[in-house]
Amino acid sequence: GSTVEAMLRPHQTSHYSELDPSIVAFRNASFSSSFEPQNVHDAVVPNNVALYHSSPVCKSLSDANPKRVVEQTDIESSEKIASNITEARPKTVTVENVPAFAERPELLGPITKALDDGEYTWDIQFPDAADYGGAMNRKRMIIRAIRSDVDVGRGKGVLPAVPDKKPPADWFETIKDLIRGAPALPFRSESKGKDAKSKEWIGIQKRVDLFKKTKGKQGLDPSKPIITMGGWKASRNSGGPAPTLAATKQVPRIIMPDGEIKRVTPRMMARMMGLPDTFPLPDGPRDYQLAKTILGNGIHGKTTENFINPLLGSAPHTPTAKPAPVNAPTLSEVSDVADAKPVAPADTAPKSAKESANEKRKAALQKVKDALDSQKGYTTLPMGVWGVPLGDKELAVIRAAAEYLYETAKFYGISAKEAIS
């Protein structure tokens, strides 16, 4: 989602791995890039880059997952990062994840071994963005590494100093100028009936009652603004940092002392995430969850500024995220990846318009065909298996082919049915 790039000194991005076509499409539209969706396991990192950063997906260890069981795909991601370090020999490396990542030797081990074998100096930090002036609590693990022959200001093979901590910012002061224009979003009940109430609202009221019962020692103060990051447990008064933003479908709200309830907009989330107002965000009517996913899976600006940006040298940080053009397309205009199907030109359209649409359609179909042809393992399934019981291997190939076809067709703006035909 480019949250790291937004807070780095001026640079050129030469490699970008993201599997979600909708995120890639918006990134390309916002930054005039031409990256293709790709699995990080298939990525090839350029040699000798100034900084190689990785934030591997690791839902297995998130707070939202009570089981906390490491999956094989998590291990494979770590092994891929290790091989990228060994083969590409980047000058500096950063790896970001939840703190529990560092407690799992099967995840941490391959990476640190690659760093040791490659003669890197490395350490592990656990910064909370709120401890460095951020308006949100967001604790993460950051592996920092520098190659032994590289100097970023303190000598060859020497990591930048860990910065001093700063008091957190107040989430309310950070976004208060945006609250008036935010849409109203009252709580909705999960059940029907005149007296039905939202479970989230009931939970917040219980915390308000607790505040009164404990004479202000616990709970929520109704005389101050309250922010919920989705669910009553992740709610907090103004006066300090907001709770951590997650890439879930829960909608954050702000409850004002006068009872007014507002939706937390993507721009508000970005500010609390320490990102500049020039950072482009999807803002179409169907793009709210996409924006929340980009930010909820992103890295807080204060973390990048203090722990990643210094590895690019001693020059001061200059936000590089540029504002999107006034007529910048929304996600639905870039590529209707959500649920749209190809629309044929109207019969009344000029012949040239029809021909143009057909040419675009043919070009998109050719791209899908080329993409499928490049997936050798997906297109060489023996024809003899059709009509007979399939083994696990054949079924896995079919599943992979179907998923790849669907995602590729979605990305190029055509239906999977049309791509199959």
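First, the ground rules. This is a predicted model, in which local features need pLDDT of at least 70 and side-chain atom pairs count only at pLDDT 80 or more, while totals for chains, interfaces and linings use all residues. Residues are numbered from 1 along each chain as its sequence is written, and side-chain values use heavy atoms, with hydrogens and water left out.

On confidence: pLDDT is the predictor's confidence in each residue, from 0 to 100. The protein chain has a mean pLDDT of 80, with 70% of its residues at 70 or more. Residues 315–351 have pLDDT below 50, and this stretch has 67 contacts in the model beyond near neighbours in sequence; a contact means heavy atoms within 4.5 Å. Residues 375–390 also stay under 50. Where pLDDT is low, the predicted coordinates should not be read in detail.

Now the chain as a whole. There are 13 helices and 8 strands; these are DSSP runs, H or I of at least four residues for helices and E of at least two for strands, numbered from the N terminus. Of the 421 residues, 42% count as buried, that is, under 20% relative accessible area with a 1.4 Å probe, protein chains only.

Next, the rings. The structure holds 4 aromatic pairs. Rings of Phe, Tyr and Trp (its six-membered ring) pair if their centres lie within 6.5 Å; planes under 30 degrees apart are stacked, over 60 edge-to-face, and the rest tilted. Tyr16 and Phe35 form a tilted pair, because their planes are at 40°, with centres 5.4 Å apart. Tyr16 is in the segment before α1 (21–31) and Phe35 is in the loop between α1 and β1 (52–54), so this pair ties together parts 19 residues apart in sequence. Both residues are buried. Trp171 and Phe172 have ring centres 5.8 Å apart and planes at 90°, so they are edge-to-face.

Two arginines also meet rings. A charge sits over a ring if NZ of Lys or CZ of Arg is within 6 Å of the ring centre and within 35 degrees of the ring normal. Arg27 lies over the face of Tyr16, 5.1 Å from the ring centre. Arg253 has its charged end over Phe187, 4.4 Å from the centre.

Last, where is Ser238 placed? Ser238 is in the loop between β6 (235–237) and β7 (253–255). Ser238 counts as buried because its relative accessibility is 15%. Beyond four places in sequence, Ser238 contacts Asp170, Trp171, Phe172, Lys224 and Pro225. Trp171 is buried, at 0%, and Phe172 counts as buried at 17%.

Technical notes. Buried < 20%, exposed > 50% of the residue type's maximum accessible area, 1.4 Å probe, protein only.
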